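Thanks for making time this morning.

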Amino acid sequence: MKIAIASGKGGTGKTTLSTNLSAFLAEQGKVVLTDLDVEEPNSGLFVNGTLQHAEDKFKMIPEWEQEKCTLCGICQEVCNYHAVIKMADQIMIFPELCHSCYACSELCPEEALPMIPQKMGELKQFNVNNLFFVESRLKIGEEQAVPLIKQTLQYVDAQFPKEIIKIYDSPPGTSCPVIEATKDADFVILITEPTPFGLHDLSLAVETMRELKKSFGVVINRYGIGNDDVLAYCEKEKVPVLAKIPNDRKIAELYSRGELIYRKVPEVKQQLDHIWKYIETTAGGRQ
Amino acid sequence: MKIAFTAKGTDWDAPMDARFGRAEYLLVYDEDTKTFAQFDNRAIKDAAHGAGPQTAQNLFEMHPDVLITGNGPGGNAATVLEKAGIKIYIGAGDKTIKEAYTAYQNNQLKEF
């Protein structure tokens, strides 16, 4: 069972919901929480586990071997991402632009561009009782999140059996990293806030999930601020609203101290229960 | 000397394009022959990434000595232009080509 927690707008509560829902479900069985927001992972702030495993993650980048090169320029022509540039008598490679497609390397008639691994980030796994927490962190300066997200998903699939509940804290937005983070999910929770900005980005996220043919529902966070347009939108679009988390100073205080909310605010625990019951009935739950 | 401009048109009265990587045209004025060479760079708008180095490479093929632009190139493009030994002057993004050229001649532009 894979549940991805996404949003359009950033800062609407993906991490709050991911960490609280994971810890809540871990009270009854094993749960894997994975932070896929590799550009700025922050679920770890709320999970105080013991480090179990750490590994570097690599992507493949061409390396120019000057002595073999005849400066034919094929590498530059076949690169769709302008990551390989022929400048006078040398070949320049921009690793951050490279998508590791191997075209330049494979099509080089002189084999002057072998692919070599380059570190793009690191993955860590922490355990707290029934909760397994995996996070990946992209190296500063790296532009592409997708390769690291993909490798992180592969790690989780390889390490944990299918029947364990897996929760994925996704990146914000609706572009490639979000697609990668949600495309294998059995259910996607879109969390939003009841403001015009929240609604605008929620509608983009809803369109994205429809395009991906995902089963999904909405959670409204900070309910009570803004207006009722998000509710009206969900009703009109027939998108189920799974829960409303109230706008409450106490919640903000707990969050700011890195604490889990549901343990201290019974209403939030109730809302988490609603969410889980919904997912269990529509998407199969714990198998 | 050959002077390059990032431009939104192809003559002296055309406005400069403040952007480097996604500049619409690259214009190179040859001070010896008093003629312009031009490169239509508009296809770059379809590139999601890597506009900077690609434009720098397009510019390199025109062999200018100096580049006059607006905001200045980003990191990747600057690396290419540095390798190419092209001197860069910035801050001419809101001028016409002619005004930018005059400002350059009067040392009014900032070196990148």
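Predicted model: local features only at pLDDT ≥ 70, side-chain atom pairs only at ≥ 80, totals over all residues.

**Helix pairs and pockets**

Residues are numbered from 1 along each chain as its sequence is written, chains are lettered from A and ligands numbered from 1 in the order in which they are written, and side-chain values use heavy atoms, with hydrogens and water left out.

The pair consists of helix α1 (residues 51–60) and helix α2 (residues 75–84) of chain B, packed at an angle of about 25 degrees with their axes 7 Å apart. Axes here are lines fitted to C-alpha atoms, for helices over the stretch in contact, with angles running from 0 to 180 degrees between N-to-C directions, and helices (H or I, at least four residues) and strands (E, at least two) are DSSP runs numbered from the N terminus. Contact, meaning heavy atoms within 4.5 Å, involves residues including B:Pro53, B:Ala56 and B:Phe60 of α1(B) and B:Val80 and B:Leu81 of α2(B). By class the contact has eight nonpolar, three polar and no charged residues, where Ala, Val, Leu, Ile, Met, Phe, Trp, Tyr, Cys and Pro count as nonpolar, Asp, Glu, Lys and Arg as charged, and the others, Gly among them, as polar.

Staying with chain B, B:Thr96 sits in the loop between β5 (87–90) and α3 (97–105). B:Thr96 and B:Asp13 are 83 residues apart in sequence, yet their C-alpha atoms are 5.6 Å apart in space. Beyond its neighbours within four places in sequence, B:Thr96 touches B:Trp12, B:Asp13, B:Ala14, B:Pro15 and B:Met16.

Turning to chain A, helix α6 (residues 196–211) and helix α7 (residues 229–236) pack at about 25 degrees, with axes 10 Å apart, which makes α6(A) roughly parallel to α7(A). Their contact includes A:Leu199 and A:Val206 of α6(A) and A:Val230 and A:Tyr233 of α7(A).

How do α1(A) and α9(A) cross? The axes of α1(A) and helix α9 (residues 266–283) come within 10 Å and cross at roughly 80 degrees, and that makes α1(A) roughly perpendicular to α9(A). Among the residues that meet are A:Phe24 in α1(A) and A:Trp276 in α9(A), and the contact divides into seven nonpolar, one polar and two charged residues.

The largest pocket has a volume of about 420 Å³, and of its 22 lining residues A:Gly11, A:Thr12, A:Gly13, A:Thr16 and A:Tyr255 are closest to the centre. On a 1 Å grid over the protein atoms alone, with a 1.4 Å probe, a pocket is an open set of points with protein on both sides within 12 Å along at least five of seven lines, and lining residues have an atom within 4 Å of a point; a volume is the space filled by probe spheres set on the points, which are joined across faces, edges and corners. α8(A) gives the most to this lining of the largest pocket, with four residues.

The second largest pocket holds about 350 Å³, and α4(A) gives the most to its lining, with four residues.

Methods:
Parallel < 35°, antiparallel > 145°, perpendicular 65-115°, else oblique.
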